Amino acid sequence: MSIEPDTLSPAMPRRARWRLSGAQIITGIAASVLLMLAFLAVFADWIAPYDPLRQSLMEALQWPSTAHWLGTDDLGRDVLSRLIYGCRIAAIAAAEATSIAVLLGVPIGLFIGYRGGLWDWIVMRIVEAVVSIPGIMVAIVIIAILGAGLHRAMIALGILFSTSFLRLARGVVLAEREEVYVRSARVVGASDNRILLRHILPNIAPPLIVQVTLTVGAVLLAEAGLSFIGLGVQPPQASWGTMLNTAAAFMDFNWFLSVPPGIAIILTVLSVNLLGDVLRDSIGRGIAVGVRPETPAVRFEAAASPSSEAGLTSSPRPADEILWVESLQVMVSARDGGEIPVITDLSLSIAKGETLGLVGESGSGKTLTGLSILGLLGAGARTTHGSILLNGRDLRTLPRKQIEQVRGNEVAMVFQDPTTSLNPAFTVGSQIVEVLRSKQGLTQKQAWNHAVELIDRVGIPRPEERARAYPHELSGGMAQRIAIARALSCNPSLLIADEPTTALDVTVQQEILDLFRDLQDEFGMAILFVTHDLAVAADICDRIGVMYAGELVEMADVDPLFADPRHPYTRGLLSAMPHASDRNPPLPTIRGNVPRPGTWPLGCRFSNRCDFKSAACDARIPLVGTGRQVRCVRAGEFDMEAVS
Amino acid sequence: MLKLIVQRLLALVPLLFIVSVLTFSFTSLLPSDPVDLIIGDTGTQDQYEMVRERLGLNQPVHLRYLQWLGRAVQGDLGTSFFNSVSVMGAVMQRLPVTLSLTAISALIAIVIGVAAGVAAALRPRSWVDRFATIGATFGQAVPNFWFGLILVATFAVNLRWFPATGFTPLTESPSEWLRSVILPSLALGTSSSAAIARQVRSAMVGVLQQDYIRAARAQGLSARRVIFRHALTNAMVPVVAVLSFQITVLLGGALIVEQVFAINGLGTLAIAAVRQQDIPMLQGLVLVMVGLVVTVQLATDVIYGLLNPKARPS
């Protein structure tokens with residue numbers, strides 16, 4: 001983990017710096033604890049103030065004092081000295097058991113992984129048998145055979161922990177054996193041993209190192225446990241486990257005896273585990289659990305405030321409109337703690353029975369628009385400006401309970417991938433039933449009957465039987481029909497469809513689009529149809545809004561938009577659209593990519609990809625027009641070009 | 001579901017066979033001659049032959065294995081070399097003790113682990129998350145028997161809320177039983193709860209990002225319903241596999257923690273058996289523990305199948 005000073009924004013420097021070095025501080029402390037342990041183990045003879053075995057019954061069970069910093073035990077032996085000598089035992093124990101585990105497990109694992117067949121079967125069954133016995137019992141049995149004592153107990157632990165190295169080595173061999181380069185090495189005639197050494201050992205090293213750290217921690221705990229029950233290190237030898245054994249016996253007289261060895265074990269195991277975590281993170285790909293999107297830390301300069309443009313875009317509100325979104329702005333939080341806009345100045349409306357398409361390349365903010373209407377942007381993103389009126393109520397001002405009421409009842413959403421938008425743990429019927437029961441208060445029986453009706457309505461044969469199926473038992477098209485049935489179960493006035501056909505086969509796509517049309521005729525809901533596919537949009541939408549880099553660049557009825565695109569980006573999209581008639585010439589593409597949020601040009605956001613850029617494009621461009629809206633200073637000029 | 005259980009049972013056959021062979025072979029692996037152990041130093045050659053005959057040690061090894069297995073299947077695990085009590089009887093007498101500890105500690109581990117894991121996953125990077133993560137890291141480094149000692153020092157010796165030692169059977173007094181198992185179970189369950197919390201957190205964080213969670217929210221289902229029904233059901237799928245392993249760990253941990261609280265469970269029996277080289281007792285203990293572990297595994301397999309329809313054989 002490295003800190004690049006330039007990624008730290010000046011706004012939140014202290015917190016970011018503190019957080020990053022926090023991990024480094026922990027790593028440093030853990031490493032120094034282990035170094036100190038090693039130092040004490042090696043130089044115990046010089047460092048320890050007393051002989052750890054010297055008894056002095058006159059001084060038994062003393063509390064900490066200047067003579068005995070950590071007090072004395074039941075035989076008057078100095079606890080600090082025994083603790084320091086305990087470091088040596090711990091180091092020996094960890095080294096012995098871990099080495100035995102590696103030296104036993106890895107070669108056997110490599111061998112059976114490479115050989116396979118009967119060897120593999122037998123050894124793996126034995127490993128399974130050993131693993132099905134509690135580890136400490138395995139160790140106890142082996143100690144029964146070998147006898148007690150530090151080295152014998154460590155052999156027992158080594159055998160016990162070798163199973164995890166065996167499985168690790170076998171797993172790596174099985175994975176690598178299939179790799180092409182191993183096969184090619186065999187073809188050129190390298191011997192089996194050379195293949196093993198040259199190709200498999202380098203790949204096994206990283207997981208091996210991680211497993212070693214895990215094992216060292218486990219060995220330390222197991223050694224302490226075995227010594228504690230008297231089967232590991234034998235008295236009078238000083239190990240942390242035997243010290244705890246003594247402490248347990250004299251708990252009523254001096255409970256402090258249990259503290260130093262306990263802290264020593266915890267600190268050591270903790271340090272080993274923490275270093276192991278760091279190793280795993282740096283060796284593995286580092287699984288990112290955060291939900292924050294990766295965004296560059298460049299601050300967006302809000303040169304023109306969106307509200308100043310809002311007045312220009314307002315058009316008279318038609319009477320039968322369902323959704324009215326005005327001047328919407330959505331921000332995501334950036335790494336440095338600041339916020340970056342992803343949608344700005346977005347206004348749109350949809351009337352009853354109307355289908356509005358939102359089109360644009362991926363990353364343009366189409367999906368986020370849909371989610372922000374539902375108030376479901378998720379962690380790290382929020383709507384910062386604008387209003388979202390659904391049936392005349394502003395959803396942004398509603399408290400959580402009420403917006404939960406609105407979702408499902410007044411607005412519902414169909415997602416891109418039907419197989420992942422249905423819960424795999426429940427039958428599809430029960431997922432519709434759940435919505436009907438919790439949103440409409442139906443009884444189980446009413447809800448079930450209605451769910452079956454809905455499944456029938458979306459064109460699924462044998463609906464009663466299908467309702468009892470799990471999502472993974474259905475085809476993609478059928479799952480999407482179920483998702484649509486669930487979305488429409490409470491008869492919402494607005495349906496948001498986010499790329500509902502993209503994940504489906506082309507033949508199924510058309511069926512689903514037809515279903516949307518039929519259902520809209522029947523239920524009369526408004527549809528916000530998000531898609532990147534202009535052909536789909538042309539098929540189903542009444543009006544289309546073209547989005548680019550978080551804003552609408554053009555909004556028009558379908559026919560005028562296709563016949564006469566006014567924004568260069570729309571023109572680019574249309575010309576990049578495949579037509580059945582002219583298959584031969586290569587499709588023109590728009591050069592470059594959609595700039596990521598935070599890296600948008602300050603003026604027209606399309607200007608760095610536009611062939612018609614002029615000086616005027618460096619200023620913010622408003623969306624102008626009433627029936628047709630376009631966000632381009634040269635819109636009029638292209639008008640004429642397009643006609644020709 | 002029945003099919004799943006039958007499948008799992010069949011898969012156990014080779015495992016149990018290997019376990020029985022390994023367990024049986026202790027006899028020949030032990031350094032000491034069991035006959036010598038029984039007759040002692042003063043035994044004559046005649047006594048030696050007689051005991052050898054009685055133990056069946058003059059028969060070929062495979063016959064001895066089959067006879068031993070046949071008796072073990074019928075619940076006869078032999079008699080202790082040390083005091084001639086029936087192994088099955090001795091183990092069964094101690095089993096409720098160790099099972100009480102394992103069960104209550106498993107309950108504690110699951111409740112704390114799931115609650116902490118879910119709370120941490122709901123607000124990644126919040127103080128709840130950090131607290132749970134730090135707690136889980138610590139919990140995994142603390143030896144359970146040491147934690148037991150500290151609990152004894154605090155709640156038994158100083159505060160006198162719970163007995164420091166001993167065990168009251170459930171059949172004798174349920175409330176005293178609970179009082180006697182609560183500290184040892186807490187000592188045992190804490191480190192497992194740390195491991196479970198880590199698993200639950202990572203599973204839950206993954207599930208909460210799934211489309212079906214957003215879809216359920218979009219459908220207007222309440223946040224609580226989505227988290228506890230839709231997300232947790234799916235997040236528990238990988239956790240259940242860990243649970244099975246953790247219960248095995250708890251069973252082993254109970255053997256040691258029993259010593260802290262001077263509880264006469266399987267642990268005390270096992271330690272005595274090692275000291276006395278009591279082979280039949282050790283064999284019996286291993287077989288009973290494998291039996292317990294296998295039962296837990298079967299149970300978790302069934303739960304896994306219930307939670308995850310894809311795992312059910314069709």
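**Entry 1: a single pair.** I began at one residue, A:L389, and looked up its bridge partner in strand 5 of chain A, which is A:D394. I keep in mind that this is a predicted model.

**Entry 2: the two strands.** Next I checked how strand 4 and strand 5 of chain A are joined. Strand 4 covers residues 381–390, and two bridges link it to strand 5. The two strands run antiparallel.

**Entry 3: the sheet.** Four strands of chain A make an open sheet, in the order 2-1-4-5, with antiparallel pairing. I looked for the edges and found strand 2 (339–351) and strand 5 (393–394) of chain A, each pairing on one side only. As background, strands of a sheet pair through backbone hydrogen bonds.

**Entry 4: a helix across the sheet.** Which strands does helix 12 of chain A lie across? I found strand 1 (321–333), strand 2 and strand 4 of chain A. Helix 12 spans residues 366–374 and runs at about 75 degrees to strand 2.

**Entry 5: where the chains meet.** I turned to the contact between the chains. Chain A puts in 63 residues and chain B 66 residues. On the side of chain A that touches chain B, helix 5 (residues 135–146) of chain A gives the most, with eight residues. I sorted that side of chain A by class: 38 nonpolar, 16 polar and nine charged residues.

**Entry 6: confidence.** I noted ipTM 0.88 and pTM 0.81 for the model. Chain B averages a pLDDT of 86, and 98% of its residues score at least 70. Within chain B, helix 2 (residues 26–29) is lowest, at a mean of 72. Helix 6 (residues 87–122) of chain B is highest, at 92.

Note on methods: Residues numbered from 1 in each chain as written. Chains lettered and ligands numbered in written order. Predicted model: local features only at pLDDT ≥ 70, side-chain atom pairs only at ≥ 80, totals over all residues. Pairing = 2+ DSSP bridges. Contact = placed C-beta atoms within 7 Å. Axes fitted to C-alpha atoms, helices over the stretch in contact; angles between N-to-C directions. pLDDT = per-residue confidence, 0-100. Nonpolar A, V, L, I, M, F, W, Y, C, P; charged D, E, K, R; others polar.
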